[in-house]
Amino acid sequence: MKQPLTVLQSSCVPLPLDNIDTDQIIPARFLKATDREGFGDNLFRDWRYDALGEPLPFVMNDARYSGQVLVAGENFGCGSSREHAAWAIADAGFRVVVAKSFADIHRQNELNNFVLPLQVGEAFHNALLNAIAHDPRATVTIDLPAQTIRIDATGRTEHFDINGYKKYCLMHALDDIDFLLENKQKIEEYETQHCATCR
């Protein structure tokens, strides 16, 4: 899961439903495991397969759609705060989720698991879905340093917001501990100087 994200060009998997909650992303019966690996197999499990494990007519079972970008709707990741939902999204190979809005805790969980939650306005969201409907292989280019997303077929571009610290961590594939270790010398120098002034 720890892979730098700078510029990504990819086709998209459209799932433009509102209020997709974390129990739909990863059903509760799959939460017993503590290892992050393997959760992608059960991403949207009850939408992808019936009780006998047979594929249902769902976008992830449709060979026309693939890619590292999931396009959702409004309030993506609402419901419980389970981090397993972000684990499942990352383990399934998605690097970016594009949505009109995200539940706050789930947004943070995605960032902590090297998935970019990219919020766009309604007009751009509609334009992206139209491009995918016209061509299921339509691609977007996401430029994290510039904080832009572009629909490649039309050139339409939108700027997105992201916390500066999380942007740096995504670009360099760093979790919080990695970031502290990267700055260990600076931290030690600060502590030395601070302690010296306290004497």
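Start at Ala173, in the loop between helix 6 and helix 7 (176-182). Helices (H or I, at least four residues) and strands (E, at least two) are DSSP runs, numbered from the N terminus. This is a predicted model: local features need pLDDT of at least 70, side-chain atom pairs count only at pLDDT 80 or more, and totals for chains, interfaces and linings use all residues. Residues are numbered from 1 along each chain as its sequence is written, and side-chain values use heavy atoms, with hydrogens and water left out.

Ala173 is buried, at a relative accessible area of 13%. Buried means under 20% relative accessible area, exposed over 50%, and partly exposed in between (1.4 Å probe, protein chains only).

Now select Asn19, in the loop between strand 1 and helix 1. Asn19 is not a glycine either, yet has a positive phi of about 60°. Buried or exposed, or in between: where does Asn19 fall? Asn19 is partly exposed, with a relative accessible area of 44%.

Select strand 1 (residues 7-14) and strand 5 (residues 139-143). They run antiparallel, joined by 5 bridges. Two strands pair if DSSP finds at least two bridges between them. Find Leu8: opposite stands Ile142 in strand 5.

Asp143 has Thr148 in strand 6 as its bridge partner. The two strands form a hairpin with 4 residues between them. Stop in the turn at Gln147, where phi is positive, about 60°.

**The aromatic cluster**

Next, show the rings of Phe44, Trp47 and Phe58, which ring pairs link into a cluster. Rings of Phe, Tyr and Trp (its six-membered ring) pair if their centres lie within 6.5 Å; planes under 30 degrees apart count as stacked, over 60 as edge-to-face and the rest as tilted. By this rule there are 5 aromatic pairs. One of them is Phe44 with Trp47, stacked at 5.6 Å centre to centre and 0° between the planes. Phe44 is buried, at 0% relative accessibility. Trp47 is partly exposed, with a relative accessible area of 25%. Trp47 also pairs with Phe58: the centres are 6.0 Å apart and the planes at 55°, so this pair is tilted. Trp47 lies in helix 2 (residues 45-48) and Phe58 in the loop between helix 2 and strand 2 (69-71), so the pair ties together parts 11 residues apart in sequence. Phe58 counts as buried, at 10% relative accessibility.

**The core**

Which residues have the most contacts inside the largest nonpolar core? They are Phe76 and Leu116, in a core of 50 residues. Such a core is a set of buried Ala, Val, Leu, Ile, Met, Phe, Trp, Tyr and Cys residues joined through side-chain atoms within 4.5 Å. Strand 1, strand 2, helix 3, strand 3, strand 4, helix 5 (122-134), strand 5 and strand 6 each give two or more residues to this core.

Centre on Phe76. Leaving aside neighbours within four places in sequence, its contacts (heavy atoms within 4.5 Å) include Phe44, Leu70, Val97, His106 and Glu110.

**Helix 4**

Finish on helix 4 (residues 104-112). Its buried residues are His106, Asn109, Glu110 and Leu111. They pack against helix 1 (22-25), helix 3 (84-91), strand 3 (96-99), strand 4 (116-119) and helix 6 (164-172). After helix 4 comes Phe114, with a positive phi near 65°.
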